[in-house]
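Please read the points below with the sequence and the coordinates at hand.

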Amino acid sequence: MVLLIDTFTRYFEPGIAEAALAVLQAGGYRVSIAEPQGDDGEPARALCCGRTYLAQGMIDQARDEVRRLVRALLPHVQAGRTVVGLEASCVLGLRDDAQAYGLGETVEQVARHTLLFEEFLARESTAKRLDLPLKALAGSETLVHGHCHQKAVGAMKSMRRVLKLIPDHEFTLIESGCCGMAGTFGIEAEHAELSSKMAEQALMPALREKPAARVVANGFSCRHQMRAHGDQRPRHLAELLRDALLEKAG
């Protein structure tokens with residue numbers, strides 16, 4: 001399989017990519033990292049799904065980024081590899097928004113073989129192909145906040161299936177809507193107050209109610225929102241699973 005490291009993970013939280021790589025390799029998978037294809041031997045910019053451009057109405061720039069992304073991923077897909085991404089908005093942007101750019105059937109071909117990290121692990125577990133050596137985690141339960149894109153496509157089912165792989169693991173999915181950050185929405189001055197009210201409607205009270213719990217949130221913007229409101233606990237599922245890996249003897 002091939003790991004797609006999105007812009008947010010690459011530049012802000014590279015430890016998530018390292019954790020995902022450790023988990024996938026522990027599961028016995030041979031992992032390639034998706035890299036851009038430079039022209040004439042020149043180094044190319046890191047891959048991007050274009051969603052940040054799209055969110056600002058910069059359609060042409062977003063289309064160019066998707067074109068570069070598909071160009072890099074297509075050889076992997078043609079070789080029979082599954083593309084696995086870590087950030088829901090990027091993966092689901094490729095599977096949904098990118099279909100409207102008029103870039104041809106290759107976009108659809110790549111999208112059909114692209115999964116979220118939790119979707120991939122859940123699929124492999126269901127197919128009895130996943131052999132991930134996990135141990136019980138010390139301490140309290142885990143609180144899980146779902147990214148809006150995860151919820152929209154039903155990916156929280158995959159999240160639950162994967163969390164159940166950890167022995168004796170108690171976890172609760174927080175009953176909340178959007179965290180309020182929604183990309184750049186929450187950091188724009190005219191929206192900051194509304195964004196904060198959305199976070200305080202259900203998400204932040206649920207976190208404050210259980211200060212000793214672990215917190216999993218796969219969305220970059222969701223984690224940013226929680227930290228901005230004083231909670232430093234949120235981590236990606238890949239980091240939780242990495243912590244639960246059994247250490248190899250000798």
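This is a predicted model: local features need pLDDT of at least 70, side-chain atom pairs count only at pLDDT 80 or more; totals for chains, interfaces and linings use all residues.

1. Strand E5. This strand covers residues 142-145. Thr142 and Val144 point to one side of E5, while Leu143 and His145 point to the other. All of these residues are buried.

2. Partners of E5. Strand E6, residues 171-173, pairs with E5 in the parallel sense over 3 bridges. Within E6, Leu173 is the bridge partner of Val144. Strand E7, residues 214-217, also runs parallel to E5, and that pairing comprises 4 bridges. Here Leu143 stands opposite Val215 of E7.

3. Aromatic pairs. Over the whole structure, 3 aromatic pairs are found. One of them joins Phe8 and Phe220 in a stacked arrangement, with 5.0 Å from centre to centre and 25° between the planes. Phe8 belongs to helix H1 (residues 7-12) and Phe220 to helix H12 (residues 220-228), so this pair ties together parts that are 212 residues apart in sequence.

4. A second pair at Phe220. Phe220 is buried, with a relative accessible area of 18%. Phe220 also forms an aromatic pair with Phe12, and this pair is tilted: the centres are 5.5 Å apart and the planes make an angle of 40°. Because Phe12 lies in helix H1 and Phe220 in helix H12, the pair ties together parts that are 208 residues apart in sequence.

5. Ring pairs link Phe8, Phe12 and Phe220 into a cluster.

6. Cysteines. How many disulfides does the model contain? The count comes to 0. For Cys178, the closest cysteine sulfur is that of Cys148, at 3.8 Å, which is too far for a bond, because a disulfide requires sulfur atoms within 2.5 Å. Cys178 counts as partly exposed, at 25% relative accessibility.

7. Cys179. This residue is likewise in no disulfide, and the nearest cysteine sulfur, in Cys222, is 4.0 Å away. Cys179 counts as buried, with a relative accessibility of 2%.

Key
Residues are numbered from 1 along each chain as its sequence is written. Side-chain values use heavy atoms; hydrogens and water are left out. Buried means under 20% relative accessible area, exposed over 50%, partly exposed in between (1.4 Å probe, protein chains only). Helices (H or I, at least four residues) and strands (E, at least two) are DSSP runs, numbered from the N terminus. Two strands pair if DSSP finds at least two bridges between them. Rings of Phe, Tyr and Trp (its six-membered ring) pair if their centres lie within 6.5 Å; planes under 30 degrees apart count as stacked, over 60 as edge-to-face and the rest as tilted.
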